[in-house]
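Work through the two exercises below with the model open. Try each task before reading its solution.

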Amino acid sequence: MTRNKTQPAQLTMRAKPYEKVAVLGAGSWGTALAALARRAGCRVALWGRDAEALAPIATRQRNLRHLPDVPLPAGIEPTTDIAEALDGASAVLLVVPSRAVRGVCAAAAPHIGADVPVALCAKGVEPESGLMMTQVAEEELGPRPYGVLSGPTFAREAALGHPTAATVAFPFTHVDRLNPAASPAARLAVSVSTESFRAYISDDPVGVEIGGAVKNVIAIACGMMTGAGFAENTRAALITRGLDEMKALAEALGGRRETVTGLAGIGDLSLSCSSPTSRNMSLGMQLGQGLARNACFDGRPVVVEGEGNALSVTDLAHRVRVPMPICETVRAILHEGADLGTAFARLWASPIEGEPRSLAILLDHPADADAVTGLARRIA
Ligand SMILES: NC(=O)C1=CN([C@@H]2O[C@H](COP(=O)(O)OP(=O)(O)OC[C@H]3O[C@@H](n4cnc5c(N)ncnc54)[C@H](O)[C@@H]3O)[C@@H](O)[C@H]2O)C=CC1
Ligand SMILES: O=C(CO)COP(=O)(O)O
């Protein structure tokens, strides 16, 4: 985080926070981001659809439904009126689950100011269309700057003030390069940065978005194998090979490999694959322990983006011809009725590959059908 003495000196610039930030989506992450922006000194409107859940945010500085034990700063303006939330907003954070992004953008469209930048904070790829969240938003809201805020950020920890870092990524225009401090990425970074929350700036939203969507699927895979009783070797293999899948897809879509080695790639992947605090890892663990899907989370509806992402990410990968064997395994188990043990045993006995992919080697794996059945039995 500090400058190495051998690096050239860089002038420190000052970026101006946005005056009013509208946060659309009042779940755990939307509330946490509203708290951060408020602590960073912005005026903050927090839009949600449920008046009962919003009321205590103004009266008791709590979101009792999603972050009950987190004290929120005073002055967040909760509302169920999207026009009111967007009135005078100089930046928008879109923080609903990915399946709701298109609908919320459509509702926002008549009320959002011209040229107001929008940062997508949901981690997913739209099913069927295969569009990333920034592309979905652009279809609904028209031309303006679109970016992404993503990284290893459990909402409760970030809102409680645990030291946390994330990436804010917008494409840099010619003008942004001449004056980076005035770019949407820089202005949004300072609009959410506090003594404990540190935003880094990137000009590669594609790499950042793909990181967030793919890590959810890999976290389900890690959870499945953890739930089935395996430990650290298995998890390390899935994280590392998952990172390779992430890199390949990001690159095929025009993102950069190095972005995937940052906070929104390996950072978020390692977080979500390490702890049942991740809803994705937790779902995988419950399935790996043999629970039926409808019994997971005691039957409660919980946002698990990786479930839909397993389909949408692999559909996208098919389109750009990127092999993603771990994501395919999760897809087969969740959506195509594959047996969990057999699917993972097949993954482990799939052809031996080069590391890195650019070696372009594929060898028949020596494990025979009996060996695959044997491992499958040990997983189940
Ligand atoms: N919770 C976390 O730690 C983090 C979550 N995210 C991402 O943020 C996104 C939102 O997740 P969470 O806030 O965690 O979910 P959550 O389950 O805490 O809350 C979801 C919220 O979205 C609202 N919602 C759902 N559909 C809606 C619709 N059609 N219109 C308006 N509101 C709607 C719900 O009422 C609820 O308030 C997800 O894509 C997630 O991957 C990203 C980083 C951290
Ligand atoms: O994205 C997250 C942390 O960065 C939250 O992860 P889960 O959605 O798996 O809970």
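**Exercise 1.** At what angle do helix α16 and helix α17 pack, and how far apart are their axes?

*Solution.* This is a predicted model, where local features need pLDDT of at least 70, side-chain atom pairs count only at pLDDT 80 or more, and totals for chains, interfaces and linings use all residues. Residues are numbered from 1 along each chain as its sequence is written, while chains are lettered from A and ligands numbered from 1 in the order in which they are written.

Step 1. Find α16 at residues 340-348 and α17 at residues 369-379. Helices are DSSP runs (H or I, at least four residues), as are strands (E, at least two), numbered from the N terminus.

Step 2. Take the geometry. The angle is about 135 degrees, and the axes lie 8 Å apart. Axes are lines fitted to C-alpha atoms, for helices over the stretch in contact; angles run from 0 to 180 degrees between N-to-C directions.

Step 3. Classify. The pair is therefore oblique (under 35 degrees is roughly parallel, over 145 roughly antiparallel, 65 to 115 roughly perpendicular, the rest oblique).

Step 4. List partners. Residues of α16 that meet α17 include Leu340, Phe344 and Trp348. On α17, Val372, Leu375 and Ile379 are among them. Contact means C-beta atoms, placed from the backbone, within 7 Å.

**Exercise 2.** How many residues of domain 1 are in contact with domain 2?

Step 1. Count. 23 residues of domain 1 touch 24 residues of domain 2.

Step 2. Find the main supplier. β7 gives the most to this side of domain 1, with four residues.

Note on methods
Two residues are in contact if their C-beta atoms, placed from the backbone, lie within 7 Å.
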